[in-house]
Amino acid sequence: MPTALITGATAGIGAAFARRLAADGFDLVLVARDKDRLAESAAGLHDRYAVRAEVLAADLSTDAGIGAVEERVRAGVDLVVNNAGFGNKGAFLDVPVGDETTMLKVHCEAVLRITSAALPGMLERGRGGIVNVSSVAAFATRGTYGASKAWVVSFSQGVAQDIAGRAGGRVRVMALCPGFVPTEFHQRAQMDVSGVPSFMWLKPDYLVDHALRDLRRGVVVSVPGPQYKALVAAAKLIPAGLAGRLSSRTGRRYD
Ligand SMILES: NC(=O)c1ccc[n+]([C@@H]2O[C@H](COP(=O)([O-])OP(=O)(O)OC[C@H]3O[C@@H](n4cnc5c(N)ncnc54)[C@H](OP(=O)(O)O)[C@@H]3O)[C@@H](O)[C@H]2O)c1
């Protein structure tokens with residue numbers, strides 16, 4: 001059976017990937033910080049889908065946590081979903097700088113190191129996939145969060161380019177750029193999203209379905225949902241400052 005490792009697998013988008021990949025017959029390695037919640041998720045997925053579900057408790061804002069995941073992917077996995085992430089409450093000067101550098105560690109350094117650890121084995125075996133979860137915020141100026149997610153897009157594009165033509169194109173790297181998804185994300189960041197219109201919310205299962213289809217097709221930057229495809233196309237046409245101001249007004253209010 002193929003194995004998928006998912007970071008941030010206990011909630012939201014990561015949990016949706018875990019359910020879908022288990023239903024598709026993948027054995028799972030579930031990564032997050034909360035060990036009890038991981039164990040509960042693993043047991044539930046094993047019982048429902050009869051797959052092996054390993055628990056790997058790791059804090060990806062630490063070298064030890066990233067190192068444990070690097071070690072596990074070097075032992076061999078077929079699909080990696082670098083999904084763990086969070087938002088900080090407030091605009092740049094309101095956020096302690098340590099919280100911003102923690103974000104860069106989880107959103108950028110962990111993604112870089114896990115990708116680097118996973119790819120050689122995938123290229124050797126001639127198959128594999130890496131999904132790096134970014135955001136549509138990558139396409140509009142949006143503080144450290146948007147900057148870190150823009151890095152994920154650019155990094156994934158660069159790696160995809162560097163491995164193009166190797167392993168017969170059967171190893172894929174893709175940046176996934178969701179818009180608003182109802183998860184624990186906004187509550188954890190104390191964001192007030194009550195003003196976000198209903199058509200802007202993407203269902204997690206729809207997002208995952210779209211992402212896996214794009215990965216199969218060799219798409220490098222996946223933007224699920226026609227509303228977000230249109231927004232991203234428009235963001236490339238209007239001045240960056242205006243895109244940033246509009247983006248900040250939608251969904252960047254804090255409780
Ligand atoms: N929801 C949205 O609207 C939206 C939109 C665009 C992009 N995204 C991106 O999607 C990804 C998943 O977010 P989500 O919406 O599913 O959020 P979520 O429901 O809050 O889930 C976040 C997951 O990440 C884990 N996590 C957080 N910090 C971690 C750390 N330091 N080390 C290891 N695991 C950690 C959490 O588990 P523990 O707390 O147990 O560690 C949890 O499993 C993030 O990268 C986010 O930026 C979300």
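Visitor: What's the shell around the ligand made of, by class?
Guide: In this predicted model, the shell has 14 nonpolar, 11 polar and 6 charged residues.

Visitor: And which residues come nearest?
Guide: Thr10, Arg33, Tyr145, Thr183 and Arg188 do, out of the 31 residues around the ligand.

Visitor: Where does Asp59 come in?
Guide: An N or O atom in the Asp59 side chain is 3.0 Å from a nitrogen atom of the ligand. Leu60 has a backbone N or O atom 2.9 Å from a ligand nitrogen.

Visitor: What about the ligand's oxygens, and Asp34?
Guide: There, a backbone N or O atom of Asp34 sits 3.0 Å from an oxygen atom of the ligand.

Visitor: How much of the ligand does the protein bury?
Guide: It buries 96% of the 900 Å² that the ligand exposes when taken alone.

Visitor: Which elements give two or more residues to that shell?
Guide: Those are α1 (12–23), α5 (143–163) and α6 (185–188). The most comes from α6, with 3 residues.

Visitor: Switching topic: what's the volume of the second largest pocket?
Guide: About 290 Å³. Its lining counts 14 residues, and Phe26, Leu79, Gly129, Leu215 and Arg216 lie nearest the centre.

Visitor: Which elements supply that lining?
Guide: α1, β5 (128–133) and α7 (204–217) each bring at least two residues. The largest share is from α7, with 3 residues.

Methods
Residues are numbered from 1 along each chain as its sequence is written. This is a predicted model: local features need pLDDT of at least 70, side-chain atom pairs count only at pLDDT 80 or more; totals for chains, interfaces and linings use all residues. Side-chain values use heavy atoms; hydrogens and water are left out. A residue is near a molecule or strand if one of its heavy atoms lies within 4 Å of it. A polar contact is a pair of N or O atoms within 3.5 Å; within protein, one must be able to donate a hydrogen and the other to accept it, and residues adjacent in sequence count only if both atoms are side-chain atoms. Accessible areas come from the Shrake-Rupley method with a 1.4 Å probe; for residues, only the protein chains shown count as cover. Helices (H or I, at least four residues) and strands (E, at least two) are DSSP runs, numbered from the N terminus. Ala, Val, Leu, Ile, Met, Phe, Trp, Tyr, Cys and Pro count as nonpolar, Asp, Glu, Lys and Arg as charged, and the others, Gly among them, as polar. On a 1 Å grid over the protein atoms alone, a cavity is a set of points where a 1.4 Å probe fits but cannot get out, and a pocket is an open set with protein on both sides within 12 Å along at least five of seven lines; lining residues have an atom within 4 Å of a point. Grid points are joined across faces, edges and corners, and a volume is the space filled by probe spheres set on the points.
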